[in-house]
Amino acid sequence: MKQLTFGEKVGYSLGDVAANLVFQMMMIYQLKFYTDIFGLEGAVAGTVLLVAPLIGMVADPLAGIIADRTNTRWGKYRPWLLWTALPFALFYVLAFTNPGIADKTLVAVYATISYILLLTMYSFNNTPYASLGGVMTADIRQRTSITSIRFVASTIAQFVVQGLTLPLVNRFGGPNATHGWTMTIVLFASAAFVCSLIAFATTRERITPPPAQQMSIGRDMRETLGSVAWRAVFLLTLCLFVTLAMWGSGMNFYFQSYVDQPSLYRFLGRLGLVAGSAESSGAIGSLFAAFNLIAHSERDAYAIGFSLFNMTNALVQFLGVILLSNYLANHWGKKTTFLVCLSLTTVFTALFYLPQPSDVGSLYLLCVLKSLAYAPTIPILWSMVADVADHIEYTCHRRATGFCFSGVVCALKVGIGVGGALAGLLLSVFGYVSGGSALQSPLAVSGIRLVASILPAALFALGCLCILFYPITKKFNAKMQQELHARRMSSLSQ
């Protein structure tokens, strides 16, 4: 079996950089953008985040069905990276552009339509991209290696979006936050466009459906939806991304409205991230200053502190993916590794309820522990989806990789919509007042704490239950891959 080159693995991973430059923004900042830039109430913003993915759900299976039936000299899935690169970037900018409309009802309509367009193009870009990873190789270790490199790259994108967005908004916009957001999104969208093109140019498809397979949408649907393995991964993905969106949105509000800003400012000072400190005048300080990551007053504590929190999260996940994912998955198997790591993540997420507003150090310690626990699950999830596509071929003697992946992408998109919607609706119920500078009531702050800790932890626990029903163990996967390889060799020799 031909080994993939490191260059092809890296090239493929850039497709996930493109997706995460968009996805991380939707997951962490979209709710905050709607409340503070569009001026929508939390309940209205949450409704937009819920309605748009539900309307756009049809795009996910459609993208999978069309991709499975695409036949070009580049393959089935690769060409979609080329065809969607430009519209994906344009719709990204559109979704984060303030239309300047005074009527909030019309603003909500604009937000909904632009978000639907972005999510639809996300489906036609990311479903074929995810499917491509399942047909580049059938080797279990190579597949895990691909997903590990892919998610190292995605973690870099996470680091950039979560860590640099607010500083870049402030640098580009100054007092004009709307302009700052526009310029920041244009920068990220341009990078996503280039990454999609490189991913297209550097990858190859090697696994094809069985030669005698007849195309049947009905059978694709029955066999995929009837798979216990697929249903387990679908529900797991849904739980994970509802949780990640709720927690990511919640922590944004948590840092602004719960964390004591003078304490956060002093903490940044101890790290040399305050103007005038000895560390801020050195080479590293100059680098941080270039990205507007030096606080000049307590008013900057939220933007710099939350960015540092996100960069810590991304950096620890980066190290965890590199150092732990392959080792743990190869040693213990994907299912066992995922269950243990997600269980630890559940505990550390719940603990965010405990720190006092001034206990900034504990927040960052919990960030390190949670990120390290969660990191191995990141590449394993998509490697498991590829195994599910193999499992369906193993049991049904037919392959519908695109449709299989499309359901999981659908769960991802609906998950971030539901997670953001729940966060917005809950904050509204607890009395959150939209507007970045608004002083929140004690009840609203209590709601923010729950949305950033106990509630997402409970959803992570549901994800742990889902993984128990996943039937593909390490031993079974090895047996399945051997039999599939023998079938494919037999088909080629006929």
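Q: Is Asp16 buried or exposed?
A: Asp16 is buried, at 3% relative accessibility. Buried is under 20% relative accessible area, exposed is over 50%, and partly exposed is in between, with a 1.4 Å probe and protein chains only. This is a predicted model, where local features need pLDDT of at least 70, side-chain atom pairs count only at pLDDT 80 or more, and totals for chains, interfaces and linings use all residues. Residues are numbered from 1 along each chain as its sequence is written, and side-chain values use heavy atoms, with hydrogens and water left out.

Q: What does Asp16 form a salt bridge with?
A: With Arg150; the closest N and O atoms are 3.4 Å apart. The criterion for a salt bridge is a side-chain nitrogen of Lys or Arg within 4 Å of a carboxyl oxygen of Asp or Glu.

Q: Where do Arg150 and Asp16 lie?
A: Arg150 is in helix α7 (residues 140-173) and Asp16 in helix α1, so the pair ties together parts 134 residues apart in sequence. Helices are DSSP runs of H or I with at least four residues, strands are runs of E with at least two, and both are numbered from the N terminus. Arg150 is buried too, with a relative accessible area of 2%.

Q: How many salt bridges are there by this rule?
A: Six. Among them is Glu8 with Arg206, where the closest N and O atoms are 2.9 Å apart. That pair also links distant parts of the chain: Glu8 is in helix α1 (residues 6-28), and Arg206 is in the loop between α8 (177-202) and α9 (217-225), 198 residues away.

Q: Which side chain does Lys32 pair with?
A: Asp36, with the closest N and O atoms 2.3 Å apart. Lys32 is buried, at 6%, while Asp36 is partly exposed, at 23%.

Q: Switching to helices. At what angle do α6 and α17 pack?
A: Helix α6 (residues 104-135) and helix α17 (residues 401-429) pack at about 140 degrees, with axes 8 Å apart. Axes are lines fitted to C-alpha atoms, for helices over the stretch in contact, and angles run from 0 to 180 degrees between N-to-C directions. That makes α6 oblique to α17: under 35 degrees is roughly parallel, over 145 roughly antiparallel, 65 to 115 roughly perpendicular, and the rest oblique.

Q: Which residues make the contact between α6 and α17?
A: They include Tyr115, Leu119 and Tyr122 of α6, and Phe405, Val409 and Lys413 of α17. Contact means heavy atoms within 4.5 Å. The contact residues divide into nine nonpolar, eight polar and one charged. Ala, Val, Leu, Ile, Met, Phe, Trp, Tyr, Cys and Pro count as nonpolar, Asp, Glu, Lys and Arg as charged, and the others, Gly among them, as polar.

Q: And Leu118, buried or exposed?
A: Buried, at 0% relative accessibility. Leu118 is found in helix α6. Leaving aside neighbours within four places in sequence, Leu118 is in contact with Val22, Met26, Phe88, Phe91, Tyr92 and Ala95.

Q: How do α10 and α19 pack?
A: Helix α10 (residues 228-257) and helix α19 (residues 454-468) pack at about 165 degrees, with their axes 8 Å apart. They are therefore roughly antiparallel.

Q: How do the residues of that contact divide?
A: Into 16 nonpolar, two polar and no charged.
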